[in-house]
Amino acid sequence: MIRQLFDFAYIEARKVWYFRWLALAVASAIFVAMSIMTFGIPNSYPSWGQVYVSRVSPLSVITEDVSLSEDKYGNPMLIEKTVLNDQNLLRVLKSLNRNFNTDDPRKVEGAIGALRGRISIKARDEDGFIEFHVKDGDPVRAQRTAKILIDQYISDNLKLSRSDLVQAGAFLDKQIVVYRQLMLDSQSKVATFRRQYPRVVAIATQSVGAGGGGSVSTVAVRSDTVAAPVPVDTSAIDGAIADEERRVASLLTQYTEKYPDVVAARSQIAALKAQRAALRSAAPVVAASTGAATGPQIVRRQVARPTVRARSVYAAAPAEVAAPDLTSQWAGLRRESDLIADNYQKLIQRREATKMSLAVYGSDAPGKFQITRAPTVPLVPTGPNRGLFLAASMVAAIGGGLAAAYLRAAISGIFVAPRELEVAFHLPVVGTVSWEPAWHTGGASKQQPALPFFGKDVTRLAGPNR
Amino acid sequence: MNQSIRATAVPVVKLQASAEDSTPIRKAAGNDDARRVGAVTTPHFDESRTREEFRAIKRHMMSRIAAGPGANNLDPRTILITSAGRREGKTTVTLGLAMSFMFERDASVVLIDADMRSPELSRCMKLADELGLLDYLENDALEVADIVYPTSVPGVFAVPAGRPRITASELIAGERMATLLNTLQGEVEQRIVIMDSGSVLASSETVSLATHAGQILFVASKGETKRADVDDCLEILNRQAGPIDESRVALVFNKTDTTHSPVRYSKT
């Protein structure tokens, strides 16, 4: 099998060798043609500029999560998609040539494709440097193209930033209005409570001041006339409710009431409140009530008429005690008021930061975009790689020549080896006659071009003994 | 000349025609006006190599001659040399083979130039203007001895083509051609008749000659002979000149290089 393959390869190689002059001619023609093409390719001048996009600028620190311009401008894929799209490149073409004809869509498409092929963008995601490389046969045009691309990139992103900030500002304005109303309502509730239960407020304030921030639930309400229920410890539920309310308030600075997390938190709060109410209603009454009375009335009575019985019930309690639900209500009001006020202040700060950002991006300043290397006019061409092209031309020429010789041999159906004859016709090849001078007779052959078969020189063929 | 080659035993060929030669050849050989023959222009052969290459071909032919007539009852001493196209080396092979047969003891060779379209053999031997084959075939008054010319090489005789005629094919296909061949071979066992014919695809007389040939040597040249042409030739010969098989037809690969030569080492 291997021998057959070897024979086949040998015969085919000999066929190609037989047409070696054709192969040489074809290879020469191909090489010359490709060389002319290679040297006809115009020089390519590279121009490039570099832009630094700051991710952590003072502005972004101020805006925190409000800015929508984070992590957006350094993504290489996004940059390519935005800078090298047809619209942008058409703008570049128009900038380069004011008389650029856009009537023929095919020509426009071709010009855009050619321009896209000459541009490469290298964006390093980790450090924020973006490089715009342009190659052109005209060095000045290469520099202009790079400059236009950089300007377009920066201006487009500035527009985008402005748009983002405007939208963020509008959203913050709405939130501020909502929170202002919430804050007013909360302050109104606090004021009302303070007017209704000044003593409770005073005790709570005093207790907080004396206890150094102790829990209001430890503040007792003096009660000597009203039977009070056995105190049920709902502080854990209260804490959970407070946490949920804080979370809702925080979410509302960025989202609306319809946001799923807000809705979920609201329902959680409602469930917790229901649980707390159930616990309180199930608590056993220790002392009989003197009549149906509302909470505030009972507190007033408690404050006005302290009794010994009550003191006996709360023997271990401080001297002045308040009703637990009132203190809890007061604490809730205060907490809600503080939270809303805090969030309101944050919203105001962010709105101011947004205005600052807008002021920066709205001017001609580059904002967070800094040109670290402006494109320059290149002086030395970097392409084409004529050496490589010539080497490739050589390889193609050799291949083409060999292919031509092989095809010629295949088409002509010639024989280059005796074995071919035998295989083809199933007849014996009884001999060969070689026409190739041997190395040791080369000189003699030149001197004696004609081999005399007959006549006086016949001995040359017959041998010296003839 | 190399001393070792000088010592090589080479068959001695008698300078005079064999004693057993029949009349026409003896008459021609005894003619004091034996025609001068010229040199044949050939490529720059490595002579010793070429000698050996033709010896290889000759051995094959001799073995067939020794085997005697085959089923077709054709005399294997009558050898036709042909090819598919022009300039493939028929005349060269004819001359080389003749020279090789010359070395055989008591052998004599008659070369017939039967290539009527290009009588190269006649020109080589400077017999182009002499009476030849076609003259003999047309003119009953001529005898065989009138067209057989001795050469300066003992044992080798030549029959030129003669003056060209438009009826060449018909004349060769005639009965007189068979008579000529029989006469030339006569009773001499060692006489070999080699016919240098035209290409099968170019001249119809080649097929006529093939009907008389006990051996057909088909010359194919490297890089020139096309397979389709050889196929056509063999088909024509098979159809019109009897069965073509390996007992009758052999191939010679001409114009090849030394890599295909059966002679690996040679010196002059």
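Of the 268 residues of chain B, 58% count as buried, meaning under 20% relative accessible area with a 1.4 Å probe and protein chains only. This is a predicted model, in which local features need pLDDT of at least 70, side-chain atom pairs count only at pLDDT 80 or more, and totals for chains, interfaces and linings use all residues. Residues are numbered from 1 along each chain as its sequence is written, chains are lettered from A and ligands numbered from 1 in the order written, and side-chain values use heavy atoms, without hydrogens and water.

**Chain B**
- Chain B contains 11 helices and seven strands, which are DSSP runs (helices H or I, at least four residues; strands E, at least two) numbered from the N terminus.
- Of its contacts (heavy atoms within 4.5 Å) with a separation of 6 or more, 80% come from residues 24 or more positions apart.
- In helix α9 (residues 175-185) of chain B, the buried residues are Arg176(B), Met177(B), Ala178(B), Leu180(B), Leu181(B), Leu184(B) and Gln185(B).
- Gly186(B), with a positive phi near 50°, follows α9(B).

**Sheet of chain A**
- An open sheet of four strands in chain A has the order β2-β3-β1-β4, with antiparallel pairing; strands pair if DSSP finds at least two bridges between them.
- Because β2 (119-123) and β4 (369-373) of chain A are at the edges, each with a single partner strand, one side of each lacks a neighbour in the sheet.
- Strands β1 (residues 45-53) and β3 (residues 129-136) of chain A run antiparallel and are joined by eight bridges.
- Tyr52(A) lies opposite Phe129(A) of β3(A).

Methods. Buried < 20%, exposed > 50% of the residue type's maximum accessible area, 1.4 Å probe, protein only.
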